[in-house]
Amino acid sequence: MVGEKSISNRLFSGANAFILGVIALLCVLPFVHVIGSSFATSAEIASRSFLIFPTTFSLDAYRYIFSTDTIMTAMLVSIGVTLGGTAWSMFLSVLTAYGLSRRDLVGRRFIMFFIIFTMLFNGGMIPTFLVVQQTGLMNSLLALVIPVSINAFNMIILRSFFMNLPAGLEESAKIDGCNDFGVLFRIVLPCSMPAIATISLFYAVTYWNTYMHAILYLNDASKWPVQVLLRQVVVLASGLSYDGSEYTDVPPPEIAVKMAVIVVATIPVLMVYPFLQKYFAKGALIGSMKG
């Protein structure tokens, strides 16, 4: 009986590993195709529908993208907006979530109702644009941060996480003389690193992928984040101007430039994610569990 159970467990584990391996391979192959195509020549891309390893290695697409300092300026803008915006959003989200996690807060349900209401309804593009315009944020990098300072979903996850922390921690800290801010920064936050890391990653990816707000609120091309600039690179590489007229000279192949654009825009996030991955699943799920 024990031997049969052991064999069945091995068969199940092997089948499970095989299925998960196939799924993982299917997830990785498209990105490997993108990387391989970004280093391929125009002729090879045209002759092969799915490319993993190019036979002729070419850096033309990357030379085209990095031919000026504009791309580096846009990268610095995106990094600054991502770091600053993430820190600001986490600061506000932590304070809001901790306050709403206190069961003795007067009007807690009333405030939560309006926060959840914003997840279902919002003012829309034009009213938001008018608010940004009237507050003097137009053509400022703050316009990419202030209107999206707090995400209601992220805040609710943090609130649930804080509510699941043992009440004895707060009571012990207050007996030792800590006030509410001391409890938050000395006790609650060190115990909430999985949730903090997960929500920080959510905010960082949102700020890094900022596109529509930059199009709406920024008129100065020197302040464009990398997503907007790379979109322009793709348009120029396709041989078309913004008014639809064709350029006479298009240096690199269109598809290779598009693939290189995807690689450039994705690599910074991929470099950060492995350091936060161990907190990711735990931080995203623990807020929904009791205990």
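How much of the chain is helix and how much is strand over residues 45-65, and how far apart are the end C-alpha atoms? Over that stretch the chain is 43% helix and 0% strand, with 18 Å between the end C-alpha atoms. Welcome to this structure, which is a predicted model.

## Segments listed in the record

Residues 138-162 are 44% helix and 0% strand, and their end C-alpha atoms lie 36 Å apart.

## The largest pocket

The largest pocket holds about 500 Å³. It is lined by 21 residues, and those closest to its centre are Pro147, Val148, Ile150, Asn151 and His213. Two or more lining residues come from each of helix H5 (108-120), H7, helix H10 (193-208) and helix H11 (212-217).

Among the contributors to this lining, H10 gives the most, with three residues. What classes of residue make up the lining of the largest pocket? There are ten nonpolar and eleven polar residues, and no charged ones.

## The second largest pocket

The second largest pocket has a volume of about 340 Å³. Its lining counts 15 residues, with Thr82, Leu83, Ala204, Pro268 and Val272 nearest the centre. Helix H4 (70-101), H10 and helix H13 (254-286) are the elements that each supply two or more residues to this lining.

Which element supplies the largest share of the lining here? The answer is H10, with six residues. By class, the lining of the second largest pocket divides into twelve nonpolar residues, three polar residues and no charged residues.

## A closer look at H10

H10 is made of 16 residues and spans 22 Å from its first C-alpha to its last, close to the 22 Å expected at 1.5 Å a residue.

Its buried residues are Pro194, Ala195, Ile196, Ala197, Thr198, Ile199, Ser200, Leu201, Tyr203, Tyr207 and Trp208.

## Around the end of H7

Phenylalanine 162 is part of helix H7. Is this residue buried or exposed? Phenylalanine 162 counts as buried because its relative accessibility is 2%, and the cut-off for buried is under 20%.

Where does its side chain find a polar neighbour? A polar atom of that side chain lies 3.2 Å from the backbone oxygen of serine 160.

The last stop is valine 263, found in helix H13. With a relative accessibility of 6%, valine 263 counts as buried.

How far apart are valine 263 and valine 32 in sequence and in space? They are 231 residues apart in sequence, while their C-alpha atoms are 10.0 Å apart in space.

How values were computed
Residues are numbered from 1 along each chain as its sequence is written. This is a predicted model: local features need pLDDT of at least 70, side-chain atom pairs count only at pLDDT 80 or more; totals for chains, interfaces and linings use all residues. Side-chain values use heavy atoms; hydrogens and water are left out. A polar contact is a pair of N or O atoms within 3.5 Å; within protein, one must be able to donate a hydrogen and the other to accept it, and residues adjacent in sequence count only if both atoms are side-chain atoms. On a 1 Å grid over the protein atoms alone, a cavity is a set of points where a 1.4 Å probe fits but cannot get out, and a pocket is an open set with protein on both sides within 12 Å along at least five of seven lines; lining residues have an atom within 4 Å of a point. Grid points are joined across faces, edges and corners, and a volume is the space filled by probe spheres set on the points. Helices (H or I, at least four residues) and strands (E, at least two) are DSSP runs, numbered from the N terminus. Ala, Val, Leu, Ile, Met, Phe, Trp, Tyr, Cys and Pro count as nonpolar, Asp, Glu, Lys and Arg as charged, and the others, Gly among them, as polar. The expected span of a helix is 1.5 Å times one less than its number of residues. Buried means under 20% relative accessible area, exposed over 50%, partly exposed in between (1.4 Å probe, protein chains only).
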